[in-house]
Amino acid sequence: GIGFPPAISSPAVGMLSRRGIHDKLILLGCALLQLVSAVTLFDFGSPVVYLIGSVFYFNGTMLQSIFSFATSSKVCYMHEVEPMQTWINTISLLFRAAGAIGAASLTTNQLAVTCVD
């Protein structure tokens, strides 16, 4: 289900990072994947386009979140890693909750516009 796409792409992104691809390029690639796939979230009348695009959008979002955790261990001192990851997790959960509440009142196209922004 929902954990399957990141289960494949997360190890692939980890291998890219280990092979020397800069972390900034990986995070920019995740943001580009989100931007491009957000175009498919508009209501074009076909649910197939929406479903395929949402898988890519979700995958880009999860990769960016997961990779942010991994990057925090590279940029923080050892004793700061766990508090930093706690803050990342807490802030992302709060924004996810606010987003779910706000998105419940939006139409499909309005929600897609917020994903593009």
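**View 1. Ser37 in helix α2.** Ser37 sits in helix α2, residues 23-38 (helices are DSSP runs of H or I with at least four residues, numbered from the N terminus). This is a predicted model, where local features need pLDDT of at least 70 and side-chain atom pairs count only at pLDDT 80 or more, while totals for chains, interfaces and linings use all residues. Residue numbers start from 1 along each chain as its sequence is written, and side-chain values use heavy atoms, with hydrogens and water left out. Ser37 counts as buried because its relative accessible area is 6% (buried is under 20%, exposed over 50%, partly exposed in between, with a 1.4 Å probe and protein chains only). Skip its neighbours within four places in sequence, and Ser37 is in contact with Gly53, Phe56 and Tyr57 (contact means heavy atoms within 4.5 Å).

**View 2. Asp23, also in helix α2.** Asp23 belongs to helix α2 and is buried, at 18% relative accessibility. Not counting residues up to four places away in sequence, Asp23 touches Ser17, Phe67, Thr71 and Lys74. Asp23 and Ala70 are 47 residues apart along the chain, yet their C-alpha atoms are separated by 9.7 Å.

**View 3. The two sides of α1.** Helix α1 covers 4-18. Its 15 residues should span 21 Å at 1.5 Å a residue, and its end C-alpha atoms are 22 Å apart, which agrees (the expected span is 1.5 Å times one less than the number of residues). Pro5, Pro6, Ser9, Val13 and Ser17 are buried in α1. Down the helix axis, the buried residues of α1 fall within an arc of 85°, so they line one face (the arc is that of the directions from the axis to the C-beta atoms). These buried residues pack against α2 and α3, the latter being 47-75. Phe4, Ile8 and Arg18 are exposed on the other side of α1.

**View 4. Either end of α1.** Gly3 is found in the segment before α1 and is partly exposed, at 47% relative accessibility. Gly3 and Met62 are 59 residues apart in sequence but 9.5 Å apart in space, C-alpha to C-alpha. Just after α1, Gly20 has a positive phi of about 110°.

**View 5. A nonpolar surface patch.** Leu16, Ile21, Leu25 and Leu28 make up the patch, with about 370 Å² of accessible area together. Leu25 lies in helix α2 and is exposed, with a relative accessible area of 52%. Patch residues have over 30% relative accessible area and no salt bridge, and nonpolar side chains (Val, Leu, Ile, Met, Phe, Trp, Tyr) are joined within 5 Å, like charges within 9 Å. Areas come from the Shrake-Rupley method with a 1.4 Å probe, and for residues only the protein chains shown count as cover. A salt bridge puts a side-chain nitrogen of Lys or Arg within 4 Å of a carboxyl oxygen of Asp or Glu.
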